[in-house]
Amino acid sequence: MQPRTPLLLCVLLSQMLLLTSAEDLDCTPGFQQKVFHINQPAQFIEDQAILNLTFSDCKGNNKLHYEVSSPYFKVNDDGSLVALKNITAVGKTLFVHARTPHAEDMAELVIVGGKDIQGSLQDIFKFARTSPVPRQKRSIVVSPILIPENQRQPFPRDVGKVVDSDRPEGSKFRLTGKGVDQEPKGIFRINENTGSVSVTQTLDREMIATYQLFVETTDVNGKTLEGPVPLEVIVIDQNDNRPIFREGPYVGHVMEGSPTGTTVMRMTAFDADDPATDNALLRYNIRQQTPDKPSPNMFYIDPEKGDIVTVVSPALLDRETLENPKYELIIEAQDMAGLDVGLTGTATATIMIDDKNDHSPKFTKKEFQATVEEGAVGVIVNLTVEDKDDPATGAWRAAYTIINGNPGQSFEIHTNPQTNEGMLSVVKPLDYEISAFHTLLIKVENEDPLVPDVSYGPSSTATVHITVLDVNEGPVFYPDPMTVTRQENISVGSVLLTVNATDPDSLQHQTIRYSVYKDPAGWLNINPINGTVDTMAVLDRESPFVHNSVYTALFLAIDSGNPPATGTGTLLITLEDVNDNAPFIYPTVAEVCDDAKNLSVVILGASDKDLHPNTDPFKFEIHKQAVPDKVWKVSKINNTHALVSLLQNLNKANYHLPIMVTDSGKPPMTNITDLRVQVCSCKNSKVDCNAAGALHLSMTSLLLVSLFTLACL
């Protein structure tokens, strides 16, 4: 027969009371004999005494209570152990627990010849030890020692005893292991003569739940005679730790209208006591709900799992009708399976009732009016809607669409994120002359889709009537810009073009007058009536007001409205070049030594303000009418430069050499420029031009400057 794990053992493990000291120190509370050996009989007979147990709390044994680890046995008030029915097998070990308000203890009954039965106290405590049944070749008998944690003074106190039925005379018991001679040292000790094991201080199961010790017998010299034999000390849990919620903050969400029984969140507490006992067996309940509307019991918590679920109908779980969509629950966890003697811990659970899109947005009016001046852009009207959903969600945020009346895409509509209003704007200027009225059909929806049983109705559309106000618009030039091409230097009074400006206000009969707005060089004139533009000065392509051969002027067209409106037109005149600028040479001063071996005087360059082909190649010559031919020489270097040199040395003096340069225009233009040449005395690397009234510049420097100029062109 397989006995069930007795409930009384759970009670034993979870509600063990502290052993108290006896008033009479000569009395040792507990069982007077802690280990009994019983040969396995063929059958335990019902109500027949098996043995007698003697227990004393040293205070009269008031309210003495016995518990047996097997449900098939009991201990009578007189201490006799009897079977509740005839039984043949009970396992290898029985444990009897006795307690009074002042003391408690455990006795072990070793069934010699018994067989292991599943569900024994060994399994409950997960004993990792050898069988307590004496082996044939071992005389040391040890049983596990069970000690409640948090025992009070006095210490040391006996907690068990080791028996050696065949111990040689003079031998001693020795105890070793963690808690004796290993850290934490000194917690346990053994009477080397009697084998009594004692504890020296209070134990804490949450620090160390079991101690694995070893017992051996030694001779007088300390040599081991037998052992070591394992001795396990089990610290029995007491309910000395409160449940703790250590994973907060606890925030849960549940959608409004959720069915009754919808799980919101799970609350889990931790208890440091023995999880195999009721000391850590938790039960949960809701101590308080804030607010308590519309029902003081909106939620329920599973007492074992800690799952919080809704218990009200979906209709009451309506975010739009709740005073506050946030609930705070004080959750209590109690150990001892929720018994009144259990310890408690609390935490706050915050539950948010989340919105779902169960209300469609509705326009506050079926029709909206707006006015806008033609030519203007920007917001012209704000469309207002109502939505009962949560403003912080996509179930409330509106999205507007123009579904009719906007073929030219002149209008756009955007949502104001703060007010949820639709801001209708003109993005392309409207023309009164084309259409003075516009009618738009606009619909509004939410960012989030509606729940299946809600739809958009007629109130989700509205009409906007827009009136365009006529504005006196300025005349418009066509084309703009206007372009003409003319040669520079055309005669004054030449007609360039006739400008054309029209008034967009076609429904008004207005006249247009023209005027010059910007004419940087003062070259142009315009007829105010017909817009004919002619010249009143010579056009010069080389003028500083001309850029890249283009001259820019602006004209105004002014209508006769009240007030008048003005339009601006641009005229671009491209000037063609004519050969009206003679070339010029550089430099115009040079030096040369009177005894120079190199008779080169200077490299001349030429430039022309005109454009090709009215510029280079240039022709360089000496004006022969004033200079002897056999003294000076001009040689062409390239299209823009020539070399002036001497044919013989000259005395120190200032010489004026007329240089004639001619461009390639048709007809060509010629310029004659005097080149001043100073012949200087050059001795010992010193240049002296004083005798010739010369500038203090060396010929070599002038040649270098001329060559550098040539290289840069």
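Analyst: The side chains of lysine 34 and aspartate 105 meet in a salt bridge, with N to O at 2.2 Å; the term stands for a side-chain nitrogen of Lys or Arg within 4 Å of a carboxyl oxygen of Asp or Glu. This is a predicted model, in which local features need pLDDT of at least 70 and side-chain atom pairs count only at pLDDT 80 or more, while totals for chains, interfaces and linings use all residues. Residues are numbered from 1 along each chain as its sequence is written, and side-chain values use heavy atoms, with hydrogens and water left out.

Lysine 34, in the loop between strand S1 (30–31) and strand S2 (35–39), and aspartate 105, in strand S9 (residues 104–112), are 71 residues apart; strands are DSSP runs (E, at least two residues), numbered from the N terminus. Lysine 34 counts as partly exposed because its relative accessibility is 23%, whereas aspartate 105, at 14%, counts as buried (buried is under 20% relative accessible area, exposed over 50%, partly exposed in between, with a 1.4 Å probe and protein chains only).

Glutamate 332 forms a salt bridge with arginine 287, their closest N and O atoms lying 2.5 Å apart. This pair joins strand S24 (residues 326–334), which holds glutamate 332, to strand S21 (residues 283–290), which holds arginine 287, across 45 residues. Glutamate 332 is buried at 9% relative accessible area, but arginine 287 is exposed at 53%.

The structure holds 17 salt bridges, and Arg205, Glu206 and Asp237 are linked in a network of such bridges.

How values were computed. Helices (H or I, at least four residues) and strands (E, at least two) are DSSP runs, numbered from the N terminus.
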